[in-house]
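Colleague: Could you walk me through this one before I set anything up? I would like to go topic by topic.

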Amino acid sequence: YWCFNLPFVRGNPVRMVLIFTFGAGVMSAIAPNIPLTILFISIAVAIGKSCNLAPDNNMMRSLCTLSAIAPALGGVGTPLGGAPNIVVIAIVATVLGHDITFWEWSALGMPLVFVTLFACFAITALLFPVGKAGKGFSMPEDYLKKKIEALGPVSAHEHAAIWIMVVALALWCSGPQIFSALGLEEEARMMTAPVIAVLMGASAFLVPIRRDRESGRLIFAMNWDQAVRNIGWGIIVLQIGAIAFGQVLLKGGVDKWMAQCIQMLLGDIHGLLVWFALVFITGFFSQIIMSLAVIPLMLPITAGLAGIYGFDPLLACISVGFVSNLTTMFPFSSVPVAAVIAGSEGYAQPKDFIISGFLNTTIVTVITFGLCWLVGPMVL
């Protein structure tokens with residue numbers, strides 16, 4: 001709402017859609033997609049109602065589709081962007097013996113986010129030109145200011161959450177280097193993404209917020225009841241199941257068998273074409289089946305074919321992992337799309353996701369392959 005209230009943006013539908021796209025996308029690099037999707041579709045619906053926009057208005061069609069697609073694209077920015085990223089890192093460590101660091105992933109992921117978000121904005125502007133919608137778009141002058149005022153000041157709990165996240169990001173990006181410079185080599189080796197995540201999550205139980213006036217006891221940023229209520233246990237179980245499924249495939253040799261079958265079908269073709277085909281197939285396969293089921297199947301096959309055709313197995317697996325986040329076409333394979341359709345109060349149309357999701361998947365798979373092929377060797 002603060003971004004929407006900037007003089008540069010206020011009342012301009014094209015700039016509002018641009019801010020909406022990058023706001024949802026960049027935030028999803030460090031936050032789960034589903035809560036962000038729910039947040040942004042609620043903002044979109046509030047704007048639609050305040051401006052009395054019809055359900056078929058191009059402005060609303062843009063905002064509704066972007067509420068699901070932009071977080072999906074932005075989710076590849078860092079390992080924090082979604083459950084598929086964690087599964088990719090775990091399976092790559094198992095298959096290739098390489099622990100992808102937070103910096104390695106983000107050095108490829110964040111440039112990809114900005115390029116694909118701009119492409120997404122261009123696709124949305126082409127499909128749903130808000131210039132036409134702008135004629136009927138009239139936002140009340142004080143609407144955005146009132147929305148900001150209604151949120152109130154930043155609370156002590158929010159301050160604590162922000163600073164814990166800042167420290168976590170600093171440790172993820174440069175923790176091992178800091179400890180190595182201090183001569184603490186053992187501690188530097190411990191500064192892996194999972195260890196830092198657990199430590200910073202646990203620190204929320206130790207950060208005092210205020211003292212209770214009646215009992216005099218300290219109130220902390222987090223307590224056990226809040227943790228049990230808000231942790232996504234179902235997502236954790238899905239991650240564990242996906243990783244276990246991938247390990248079963250590896251131990252059973254299914255990945256090698258399938259790689260040999262694919263080699264027999266493809267014959268003697270250039271390795272880059274095989275790599276591109278794997279990225280393209282994974283991108284569209286994820287539209288039908290949830291990404292947490294696609295990743296354990298496709299990553300071992302990708303690593304096997306990389307050994308046969310001679311392309312980089314690590315970069316190929318990362319690129320396949322990136323495009324597995326592109327679940328943007330159907331509600332049965334994408335929880336964010338389902339959340340938008342359910343929470344849009346009639347503004348979201350399934351056909352809009354099919355059209356825009358198809359175009360985004362096609363273009364983003366090409367961009368992802370190109371970035372990992374051309375820029376990847378300089379990062380890894």
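Predicted model: local features only at pLDDT ≥ 70, side-chain atom pairs only at ≥ 80, totals over all residues.

Colleague: Where does Met290 lie?

Modeller: Met290 sits in the loop between α14 and α15, the latter covering 291–309. Met290 counts as partly exposed, because its relative accessibility is 37%.

Colleague: Switching to charges, how many salt bridges does a search of the whole structure find?

Modeller: The search finds three salt bridges. In one of them Lys49 pairs with Glu345, with 2.4 Å between the closest N and O atoms. That pair links distant parts of the chain, since Lys49 belongs to helix α2 (residues 33–50) while Glu345 is in the loop between α17 (335–343) and α18, 296 residues apart.

Colleague: And are those two buried or exposed?

Modeller: Lys49 has 47% relative accessibility and therefore counts as partly exposed, whereas Glu345, at 54%, counts as exposed.

Colleague: Which residue does Asp352 meet in a salt bridge?

Modeller: The side chain of Asp352 meets that of Arg61, at 2.7 Å from N to O. Because Asp352 lies in helix α18 and Arg61 in helix α3, the pair ties together parts that are 291 residues apart in sequence. Asp352 counts as buried, because its relative accessibility is 2%, and the cut-off for buried is under 20%.

Colleague: What about the salt bridge of Glu186?

Modeller: Glu186 pairs with Arg189, and their closest N and O atoms are 2.5 Å apart. Both residues belong to helix α9 (residues 185–190), where they are three residues apart, or about one turn of the helix. Glu186 and Arg189 are both exposed.

Colleague: OK, aromatics next. How many aromatic pairs are there?

Modeller: The structure holds 11 aromatic pairs. One of them joins Phe280 and Phe284, and this pair is tilted, with 5.0 Å from centre to centre and 45 degrees between the planes. Phe280 and Phe284 both lie in helix α14 (residues 271–285), where they are four residues apart, about one turn of the helix.

Colleague: Why does Phe280 count as partly exposed?

Modeller: Phe280 counts as partly exposed because its relative accessibility is 31%, and partly exposed covers the range between the buried cut-off of under 20% and the exposed cut-off of over 50%.

Colleague: Which residues form the aromatic cluster?

Modeller: Trp275, Phe276, Phe280, Phe284, Phe311, Phe358, Phe369 and Trp373 form one aromatic cluster.

Colleague: Last one, the start of the chain. Where is Trp2 placed, and is Trp2 buried or exposed?

Modeller: Trp2 is in the segment before α1 (13–27), and with 61% relative accessibility Trp2 counts as exposed. Trp2 and Ile148 are 146 residues apart in sequence, yet the C-alpha to C-alpha separation in space is 6.9 Å.

How values were computed: Residues numbered from 1 in each chain as written. Heavy atoms only, no water. Helix = DSSP H or I, 4+ residues; strand = E, 2+ residues; numbered from the N terminus. Buried < 20%, exposed > 50% of the residue type's maximum accessible area, 1.4 Å probe, protein only. Phe/Tyr/Trp six-rings, centres within 6.5 Å; stacked < 30°, edge-to-face > 60°. Salt bridge = Lys/Arg side-chain N within 4 Å of Asp/Glu carboxyl O.
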